[in-house]
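Please keep the sequence and the structure in view while reading.

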Amino acid sequence: MERPELPLPQLHAFVVLAEELHFGRAATRLGIAQPPLSQQIRRLEDKVGYALFSREPGKIGLTSAGRELLPAARHALTDLAEGLTAAREAGSGRAGRLRIGFAASLALTVLPGLLRTFRERFPAVDLDIQEMTTTPQLAALRERTIDIGLLREPPTHDADLGFKTVLTEPFVAVLPSPHPLTAQRTVRVEKLAECPFVLLPRAVGPPLYDQITNLCTAAGFTPQVTQHAVEWQTVCALVETGLGVSLAPESIRRIRLKGVAFRGIEPGTTRTRVAVAWRKNDANPLVLRLLAALNQDPPGRP
């Protein structure tokens, strides 16, 4: 299909004249004199190849060609106006699409409050939320398939990515309800030395995995990991069946399973960090808006 080359001023003049059916009133609405208006209409008719208006002394009307063109001209002008508005909203960071990756456990802590605050401030922004663990998030940021990451234990330094800690929390022991250690308010980590462990695979988040195993090493033993699960919900479900115990971030307490008990641990000084991650060179105004929202309303503890 041939792409028409119709100047917008000519289309605008045509629509206004079609609505007024009077050159004087149309010229007044357009803020121009009648001769330039007549010239624009003539040029448009030359483009179309047919008269758009019938002209009689003291009276004009739309021709059949003019009646056919009018809806398309209105539609084109409306689409352009809406497109300009959308472009300005996106350029200013008030609209557009923001892709966010998040670790599943953060749906229990940081994520709900952050999304609620952001949506209240920028309701026109389309949020694309994707659940993924830390290592895939870092890869997705570099591959530009997400714009923001919410993850645990970010790297201490990265040349391409920026990180901001938004929350820290201690670890808890995850035990099957019948386990003898549930009788205690807190559990010393060395008491878990003889228990099989259920943990996330190291590949999905090496720093967090190492934090947990280091807790055990500091207590004098190497955990015997007999089961792996990618999500904390599944870890807790496996603990409930009696397949083992686990050490997990404190927010995992919010996973409600009747057969699982959570207890604080001793020593309890080790904390896991939750951070927002982004590309340092990302000029997307939506990313900057979300980071600004974090600075104004940092997430609280779970």
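## Terms and basis

Helices (H or I, at least four residues) and strands (E, at least two) are DSSP runs, numbered from the N terminus. The model is predicted: local features need pLDDT of at least 70, side-chain atom pairs count only at pLDDT 80 or more, and totals for chains, interfaces and linings use all residues. Residues are numbered from 1 along each chain as its sequence is written, and side-chain values use heavy atoms, with hydrogens and water left out.

## Overall form

The protein chain contains nine helices and 12 strands. Its C-alpha trace spans about 105 × 40 × 35 Å along the principal axes. The radius of gyration (taken over C-alpha atoms) is 32 Å, whereas a compact globule of 302 residues would have a value near 19 Å. That reference value follows the globule rule, 2.2 Å times the number of residues to the power 0.38.

Of the 302 residues, 44% are buried. Buried means under 20% relative accessible area, exposed over 50%, and partly exposed in between (1.4 Å probe, protein chains only). The accessible surface of the chain amounts to about 15700 Å², and carbon and sulfur atoms hold 53% of this area. Such areas come from the Shrake-Rupley method with a 1.4 Å probe; for residues, only the protein chains shown count as cover. Among contacts (heavy atoms within 4.5 Å) with a separation of 6 or more, 73% join residues 24 or more positions apart.

## Helix H6 and its surroundings

Which residues of helix H6 are buried? In this helix, which covers residues 134-142, they are Thr 134, Gln 137, Leu 138, Ala 140 and Leu 141. Seen down the axis of H6, these buried residues fall within an arc of 165°, so they line one face of the helix. The arc is that of the directions from the helix axis to the C-beta atoms. In general, an α-helix has 3.6 residues a turn, so residues three or four places apart point the same way. The cover over the buried residues of H6 includes strands E3 (96-102), E5 (148-152), E6 (161-176) and E12 (271-279).

Thr 133 lies in the loop between strand E4 (125-131) and H6. With a relative accessible area of 12%, Thr 133 is buried. Apart from neighbours within four places in sequence, Thr 133 is in contact with Val 204, Val 230 and Glu 231.

## Backbone features in loops

Although Arg 144 is not a glycine, its phi is positive, at about 65°. Its relative accessible area of 41% makes Arg 144 partly exposed. Glu 153, in the loop between E5 and E6, also is not a glycine and has a positive phi of about 50°. Is Glu 153 buried or exposed? At 9% relative accessibility, Glu 153 counts as buried.

The peptide bond from Glu 266 to Pro 267 is cis, with omega near -5°. Pro 267 belongs to the loop between strand E11 (260-266) and E12.

## A nonpolar surface patch

Leu 8, Leu 80 and Leu 84 form a nonpolar surface patch of about 230 Å². Patches are made of residues with over 30% relative accessible area and no salt bridge; like charges are joined within 9 Å, and nonpolar side chains (Val, Leu, Ile, Met, Phe, Trp, Tyr) within 5 Å. A salt bridge is a side-chain nitrogen of Lys or Arg within 4 Å of a carboxyl oxygen of Asp or Glu. Leu 84 sits in helix H4 (residues 64-92) and is partly exposed, with a relative accessible area of 39%.
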